Amino acid sequence: MAKKNTSPYDDYEKTVLLGSEEDAAQKTAARGKSVDASDDASADDSPKPAKRKKTEPVPVDLVEEELPKPEKSGKSGAVSAAAFYVVAGIAIVALLALAISIFTGGSLLNSVGGIFKSRTPVERGDVVMTVGEFEVSADEYLYNALSLRSYYEQSYGAGVLATLPAMDAQLKDYIVEEMQYMAAQLVWAKELGIELTAEEKAAIDADIQSLIDEQYAGVKADFIAAINGMYITEDFYHQLSYRNAVLQKLSTAVYAENSAYNQNITAEDRARAEELTGVLSAKHILIARGATEAEDVEKKALVEDIYAQLQNGADFDTLMDAYTEDTGIAEFPDGYVFYPDEFVPEFTEATQALAYGAMSGIVESEHGWHIIVRLPVSEAELNEMVSNERINTRLEELMKLQEVSYARGYDAMTIAGIQWKGEK
């Protein structure tokens, strides 16, 4: 029976404070997103405001797509240990799946005590770097480095990093930045007195055992083989599991309604957030393009008739309910909140040109014909943007304080040259 890939790192990478796909999906579900107004119609990937700026490690002359960076999550509610490990037991990011597709089977590790080798060998348990108060072990560095390398080798060919030393160096810098980001959150948690109780740790341990029992028929060796296949050792899995829980508690604390970051938000704060993010809100009537030119003629005539009715005083919402072919209306009858780069330019520019409450003319896009009414962004939405900006600012401040020191031999080490013991 095939075992499910199991990594607490999947959620660890998302259990940080801003911008994950999961959070974006939740945000989009809360405020709406038109499936017809966007080039990426099915994606719930609306960006959070005040996202952390990150170093882009992909040379533009190699690929156009972005590096699949570990996603940063936004506000998350309290998550029980049991619920967390259900997710950890069944979810795996594409990056890890790619890693396994390259190096299949158990041959990655002849033993759990493999050697981290480059020009300067580093044994498991060694500290590769210190970031603020946090020591980055060889286990942690291996996971990051080998997962990134696997992605590039799968996408661009085996040994690609060996031929691009500048990219190799950029990926090393990228890992350092990720470690600073993580260390900043752990410092923040410590400042707020957030830690795990003995009972919480015991619950996590029990959930890991339940995972082994349910997904691996109680065979611990199979579980260890599975996580080893994702460059994760048993000790590191447990460390990440505890860390995940701490970061979940931190996220819950800073996003709580009574958090300092949600207090004393003024009208000026909201206006500034709206101006800086360019956030928009609108509802529309969409008449989609037809399959043929003849159908397009009929569709264009229909939207012109609808527009004429609106000009003569017909109720917009009534006609929207009757005619729109935007399938999102059932879920989001009050319209959409979106950022300028989310929807097709014609829709965005037409909305930006309107005063609140005003109606556009007929706007043509690749999706069809729109009649748009601009809406004010809600106070609650703007308050959340202000809160996010405050949280992001604090996190950036803490990141700047996380000084990095490296173990001897780090500069000579390359991601291209790293090996697990037993790797051919």
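**Exercise 1. A loop residue**

Where does N264 lie? Find its place, then judge its backbone and its accessibility.

*Solution.* This is a predicted model, in which local features need pLDDT of at least 70, side-chain atom pairs count only at pLDDT 80 or more, and totals for chains, interfaces and linings use all residues. Residues are numbered from 1 along each chain as its sequence is written, and side-chain values use heavy atoms, with hydrogens and water left out.

Step 1: N264 lies in the loop between α10 and α11. Helices (H or I, at least four residues) and strands (E, at least two) are DSSP runs, numbered from the N terminus.

Step 2: N264 is not a glycine, yet its phi is positive, at about 55 degrees. Most residues other than glycine have a negative phi.

Step 3: N264 counts as exposed, at 71% relative accessibility. Buried means under 20% relative accessible area, exposed over 50%, and partly exposed in between (1.4 Å probe, protein chains only).

**Exercise 2. Helix α7**

How many residues does α7 have? Describe its span, its surroundings and what follows it.

*Solution.* Step 1: α7 has 27 residues. From first C-alpha to last it reaches 39 Å, close to the 39 Å expected at 1.5 Å a residue. The expected span is 1.5 Å times one less than the number of residues.

Step 1: 19 of the 27 residues of α7 are buried, so the helix is largely enclosed by the rest of the structure.

Step 2: just after α7 comes G193, with a positive phi of about 70 degrees.

**Exercise 3. The nonpolar cores**

Which residues have the most contacts inside the largest nonpolar core? Then look for another core.

*Solution.* Step 1: a nonpolar core is a set of buried Ala, Val, Leu, Ile, Met, Phe, Trp, Tyr and Cys residues joined through side-chain atoms within 4.5 Å.

Step 1: the largest has 61 residues, and M129, Y141, W188 and F223 have the most contacts inside it. Helix α7 gives the largest share of this core, 13 residues.

**Exercise 4. The three-stranded sheet**

What is the order of the strands in the open sheet of three strands?

*Solution.* Step 1: the order is β4-β3-β9, with antiparallel pairing. Two strands pair if DSSP finds at least two bridges between them.

Step 1: β4 (134-137) and β9 (404-406) stand at the edges, each with a single partner strand, so one side of each has no neighbour in the sheet.

Step 2: neighbouring strands are turned by 20 degrees against each other on average, direction ignored. Axes are lines fitted to C-alpha atoms, for helices over the stretch in contact, and angles run from 0 to 180 degrees between N-to-C directions.

Step 3: β3 (residues 127-131) and β9 pair over three bridges. M129 stands opposite Y406 in β9.

Step 4: α7 packs on the sheet and touches β3, β4 and β9. Contact means heavy atoms within 4.5 Å. The direction of α7 makes about 140 degrees with that of β4.

**Exercise 5. Salt bridges**

How many salt bridges does a search of the whole structure find? Work through some of them.

*Solution.* Step 1: the search finds 13. A salt bridge is a side-chain nitrogen of Lys or Arg within 4 Å of a carboxyl oxygen of Asp or Glu.

Step 1: R394 and E191 meet in one, at 2.9 Å from N to O. R394 is in helix α15 (residues 379-400) and E191 in helix α7 (residues 165-191), 203 residues apart. R394 is partly exposed at 21%, and E191 is partly exposed at 45%.

Step 2: E379 and R270 form another, at 4.0 Å. This pair links α15 to α11 (residues 267-277), across 109 residues. R270 is buried, at 16%.

Step 3: E364 and R289 have their closest N and O atoms 2.7 Å apart. E364 is in strand β7 (residues 359-365), while R289 is in the loop between β5 (280-288) and α12 (293-311).

Step 4: shared partners join E191, R394 and E397 into one network of salt bridges.
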